[in-house]
Amino acid sequence: MSDEPLPAELERRIQELEQPENQGAGFTGVDWLLLALTGIIGPVLLLLWGW
């Protein structure tokens, strides 16, 4: 890593995102379902179909 300091704008954005009220809500059940479908179930089905 370099020893150069972060630009002021980047530092400001990081500080904003570290505050809990700016981080947004967690995943919902629908979010987890879509993640599972697109990341696990879909690729498995494509592998089985191509086999």
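This tour passes through the predicted model in stops, each naming what to select and what is found there.

Residues are numbered from 1 along each chain as its sequence is written, and side-chain values use heavy atoms, with hydrogens and water left out.

**Stop 1: the whole chain**

Two helices and zero strands are present; helices (H or I, at least four residues) and strands (E, at least two) are DSSP runs, numbered from the N terminus. The radius of gyration is 19 Å, well over the 10 Å that the globule rule gives for 51 residues, so the protein is more spread out than a compact globule. That radius is taken over C-alpha atoms, and the globule rule is 2.2 Å times the number of residues to the power 0.38. Along its principal axes, the C-alpha trace spans about 50 × 30 × 15 Å.

The accessible surface of the protein comes to about 5,100 Å², and carbon and sulfur atoms account for 67% of it. Accessible areas come from the Shrake-Rupley method with a 1.4 Å probe; for residues, only the protein chains shown count as cover. What share of the 51 residues is buried? Buried residues make up 0%, where buried means under 20% relative accessible area, exposed over 50%, and partly exposed in between (1.4 Å probe, protein chains only).

**Stop 2: the segment before H1**

Select Leu6, which is found in the segment before H1. Leu6 has a relative accessible area of 46% and is therefore partly exposed. Leaving aside residues up to four places away in sequence, Leu6 touches Glu11 and Ile14; contact means heavy atoms within 4.5 Å.

**Stop 3: charged side chains of helix H1**

Select residues 8–17, which form helix H1, and show the side chains. Side chains of opposite charge can pair when their charged atoms come close. A salt bridge here is a side-chain nitrogen of Lys or Arg within 4 Å of a carboxyl oxygen of Asp or Glu, and the count comes to three.

Begin with Glu9, which is partly exposed at 39% relative accessibility. Glu9 forms a salt bridge with Arg12, with the closest N and O atoms 2.6 Å apart. Because Glu9 and Arg12 are three residues apart in helix H1, about one helical turn separates them. Glu9 also forms a salt bridge with Arg13, where the closest N and O atoms are 3.1 Å apart. These two residues, Glu9 and Arg13, are four residues apart in H1 and hence separated by about one helical turn.

Now centre on Arg12, partly exposed at 38% relative accessibility. Arg12 forms a salt bridge with Glu16, the closest N and O atoms being 2.3 Å apart. Both Arg12 and Glu16 lie in helix H1, four residues apart, or about one turn of the helix. Glu16 counts as partly exposed at 36% relative accessibility. Through shared partners, the salt bridges join Glu9, Arg12, Arg13 and Glu16 into one network.

**Stop 4: the aromatic pair**

Select Phe27 and Trp32. A search of the whole structure finds one aromatic pair. The ring centres of Phe27 and Trp32 are 5.1 Å apart and the planes stand at 85 degrees, so the pair is edge-to-face. Rings of Phe, Tyr and Trp (its six-membered ring) pair if their centres lie within 6.5 Å; planes under 30 degrees apart count as stacked, over 60 as edge-to-face and the rest as tilted. Phe27 counts as exposed at 55% relative accessibility, and Trp32 counts as exposed at 52%.

**Stop 5**

Select Val30, Leu33, Leu34, Leu37, Ile40, Ile41, Val44, Leu45, Leu48 and Trp51, which make a nonpolar surface patch of about 1,100 Å². Patches are made of residues with over 30% relative accessible area and no salt bridge: like charges are joined within 9 Å, nonpolar side chains (Val, Leu, Ile, Met, Phe, Trp, Tyr) within 5 Å.

Within this selection, focus on Leu37, which is found in helix H2. Leu37 is partly exposed, with a relative accessible area of 39%. Not counting residues up to four places away in sequence, Leu37 touches Gly42 and Pro43. Finish at Trp51, found in the segment after helix H2 (29–50). Trp51 is exposed, with a relative accessible area of 85%.

Definitions and conventions
This is a predicted model: local features need pLDDT of at least 70, side-chain atom pairs count only at pLDDT 80 or more; totals for chains, interfaces and linings use all residues.
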